[in-house]
Amino acid sequence: MAHFGTGVEYALHCLIWMAKPLQVRASSRDLAELQGVPVPYMAKLFPKLEKAGIVRATEGIRGGYVLARPANRITVLDVVDAVEGEKPLFDCQEIRDRCVLFESQPPAWATKGVCGIHAVMLRAEKQMRAELAATTLADLAKGVAQKEPARFGHDVVEWFDARADARDHARLHGIKNRGGKRQ
């Protein structure tokens with residue numbers, strides 16, 4: 001079982017688009033559809049990111065989400081904590097005092113100090129959090145940009161612009177969506 005859910009992956013992938021030099025302003029719907037991830041799930045993630053000060057909503061016809069601060073000041077740990085909450089890597093159940101050979105009370109030596117298993121898990125969590133805190137959205141975006149063709153970033157911006165243009169057109173002409181509501 002993964003320690004972090006898919007929400008962390010989805011959020012990070014969306015935020016990478018927003019962290020690129022051709023920063024996009026996009027709705028959670030457009031970001032989800034661009035990447036083929038569930039729209040309702042993304043719609044639940046973005047308020048968490050907004051509450052954590054990672055993104056901010058912009059208003060208007062071409063509104064959407066933008067980064068609330070520079071990408072080099074948003075860490076992977078910020079995103080993990082916003083999406084998952086600050087949950088521990090390991091939940092020690094202190095089973096060391098349950099040995100059947102301990103008659104009624106465990107002897108002091110059995111429960112003295114921090115459980116060795118818990119201690120190693122705490123050290124691992126500390127290292128993991130340090131690594132996540134050392135990596136920024138700018139670092140991730142740079143890694144992606146190094147792989148993609150030069151024109152791809154422009155293609156993405158054009159895709160978002162086309163989506164916004166289609167919404168503008170629908171609003172201007174009173175076109176209704178399938179649910180009977182105006183878009």
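Contact here means heavy atoms within 4.5 Å. Helices are DSSP runs of H or I with at least four residues, numbered from the N terminus. This is a predicted model, in which local features need pLDDT of at least 70, side-chain atom pairs count only at pLDDT 80 or more, and totals for chains, interfaces and linings use all residues. Residues are numbered from 1 along each chain as its sequence is written, and side-chain values use heavy atoms, with hydrogens and water left out.

Start with helix α2 (residues 28-35) and helix α3 (residues 39-51). From α2, the residues S28, R29, L31, A32 and E33 meet V39, M42, A43 and F46 of α3. By class, this contact holds 6 nonpolar residues, 1 polar and 2 charged. Nonpolar covers Ala, Val, Leu, Ile, Met, Phe, Trp, Tyr, Cys and Pro; charged covers Asp, Glu, Lys and Arg; the others, Gly among them, are polar. The two axes come within 9 Å and cross at roughly 135°. Axes are lines fitted to C-alpha atoms, for helices over the stretch in contact, and angles run from 0 to 180 degrees between N-to-C directions. α2 and α3 are therefore oblique to each other. Angles under 35 degrees count as roughly parallel, over 145 as roughly antiparallel, 65 to 115 as roughly perpendicular and the rest as oblique.

Move on to helix α4 (residues 76-84). Its axis lies 5 Å from that of helix α6 (residues 116-134), and the two pack at about 115°. That makes α4 roughly perpendicular to α6. Here V76, L77, V80 and D81 of α4 meet R129, L132 and A133 of α6. The residues of this contact are 5 nonpolar, no polar and 2 charged.

α4 is mostly covered, with 7 of its 9 residues buried. Buried means under 20% relative accessible area, exposed over 50%, and partly exposed in between (1.4 Å probe, protein chains only). The buried set is V76, L77, V79, V80, D81, A82 and V83. Their cover includes α1 (6-19), α3, α6 and α7. After α4 comes G85, with a positive phi near 80°.

Last, look at T136. This residue sits in the loop between α6 and α7 (137-147). T136 is buried, at a relative accessible area of 11%. Leaving aside neighbours within four places in sequence, T136 is in contact with A71, N72, I74 and T75. A polar atom of the T136 side chain lies 3.3 Å from the backbone nitrogen of A138.

Key: Polar contact = N/O pair within 3.5 Å; in protein donor to acceptor, adjacent residues only side chain to side chain.
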